[in-house]
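Student: I have a structure open and want to learn to read it. Can we go feature by feature?

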Amino acid sequence: MIRNRSFLLTDGQGKELLDDGMQLFDIAVNSGDIHQFAAGYIPSHWHKELEVFVLLEGQIQIGIGDGTYRLQAGDGCFINTEVIHSFTADVPSPCRYRSFVFNPDIVGGMPGSVFDAAYVRPLLENGASFLKFQEEEDRVYFERFHRAYLLYEEEGYGYEFRVRDALSDILLHAKSKSTSAAGRAIPSLQETRLKEMLIWIDRNLEKTITVSQIAAAANICTRECQRIFSQYLHYSPVEYVQKKRVIYGAKQLTDTDIPITQVALNCGFSNPSYFAKRFKEFMGSTPGEYRGAVREKR
């Protein structure tokens, strides 16, 4: 099944939660518009799976570690395993995309096999963290990507074999392109600390959160905490927490009939009026207007 989502779900370790459909064929296929996510923003996250992505329409900004990349309609990209990344719509018009998030074992097979040892493992361990693809230069990437998507959409007999073949060609192309790109950097201590702090924030959104508490989650001082957030997320810790709380509130407004006052409390806002103010600043509408618009679309 192709997923069309409006919220990103993560587990207790801050990794993206995929769905049960991946148990037999360890792959998730996504399609939609970045604007379906709250304020056109998919927060920083990571996963043990590889991701290949194509932007069909619009313009987006992708945060990779402490770097930023822009994709125009028709561009694609590869994101390696365990890499912190985020997506932001750069234009108000639709930013439609498709992506595959898949376990590298689909291509590599058994650990130690020639596919794993000669091709997949070197890409995971020494390949680039991020690669950008453009249609004129990377025709094979886009041909195989769209073929895999069509096969997955139709789900004909034996489609899994053909999707695997297409993904294999995509990874071969990524590995080839990685040889001329900067090799994969070992995750820095700062990235590791950032993951620890993001995990702690997600687990404590409904509580009072201070910068010193966030810093303590990674055993660092508040000044270092603020520096890491500014470098990697381009937000202060307080701004990031409020943004995450608003996104969490938007999900409750979408999925439940909980009164808005209770939603504010659930998201860690002791003052419902302040929740409404921050919500409108970030989402462009009040909580009530947002809930009403969501219901009209159903």
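The talk below takes up helix packing, a surface patch and salt bridges.

Tutor: Keep in mind that this is a predicted model.

Student: At what angle do the axes of helix H8 and helix H10 cross?

Tutor: Start with the residue ranges. H8 covers residues 237–255 and H10 covers residues 272–283. Their axes come within 10 Å and cross at roughly 95°. Angles of 65 to 115 degrees count as roughly perpendicular, so H8 is roughly perpendicular to H10.

Student: Which residues of H8 and H10 meet?

Tutor: From H8, take Gln242, Lys243, Val246, Ile247, Gly249, Ala250 and Leu253. They meet Tyr274, Phe275, Arg278, Phe279, Phe282 and Met283 in H10. By class, this contact has nine nonpolar, two polar and two charged residues.

Student: How do helix H5 and helix H7 pack?

Tutor: H5 is residues 189–203, and H7 is residues 222–232. They pack at an angle of about 100°, with axes 10 Å apart. That makes H5 roughly perpendicular to H7. On the H5 side, the contact includes Leu194, Met197, Leu198 and Ile201. On the H7 side, it includes Ile228, Phe229 and Tyr232. The contact of H5 with H7 divides into eight nonpolar, one polar and four charged residues.

Student: Which residues make the nonpolar surface patch?

Tutor: Val114, Phe115, Tyr119 and Leu172 make a patch of about 410 Å². Helix H2, residues 114–126, gives the largest share, three residues. Valine 114 lies in that helix, H2.

Student: Now charges. How many salt bridges does a search of the whole structure find?

Tutor: The general idea is that side chains of opposite charge can pair when their charged atoms come close. Here the search finds 14 salt bridges. One joins the side chains of glutamate 57 and arginine 96, at 2.8 Å, N to O. Glutamate 57 lies in the loop between strand S4 and strand S5, and arginine 96 in strand S9, so the pair ties together parts 39 residues apart in sequence.

Methods:
Residues are numbered from 1 along each chain as its sequence is written. This is a predicted model: local features need pLDDT of at least 70, side-chain atom pairs count only at pLDDT 80 or more; totals for chains, interfaces and linings use all residues. Side-chain values use heavy atoms; hydrogens and water are left out. Axes are lines fitted to C-alpha atoms, for helices over the stretch in contact, and angles run from 0 to 180 degrees between N-to-C directions. Helices (H or I, at least four residues) and strands (E, at least two) are DSSP runs, numbered from the N terminus. Angles under 35 degrees count as roughly parallel, over 145 as roughly antiparallel, 65 to 115 as roughly perpendicular and the rest as oblique. Contact means heavy atoms within 4.5 Å. Ala, Val, Leu, Ile, Met, Phe, Trp, Tyr, Cys and Pro count as nonpolar, Asp, Glu, Lys and Arg as charged, and the others, Gly among them, as polar. Patches are made of residues with over 30% relative accessible area and no salt bridge: like charges are joined within 9 Å, nonpolar side chains (Val, Leu, Ile, Met, Phe, Trp, Tyr) within 5 Å. Accessible areas come from the Shrake-Rupley method with a 1.4 Å probe; for residues, only the protein chains shown count as cover. A salt bridge is a side-chain nitrogen of Lys or Arg within 4 Å of a carboxyl oxygen of Asp or Glu.
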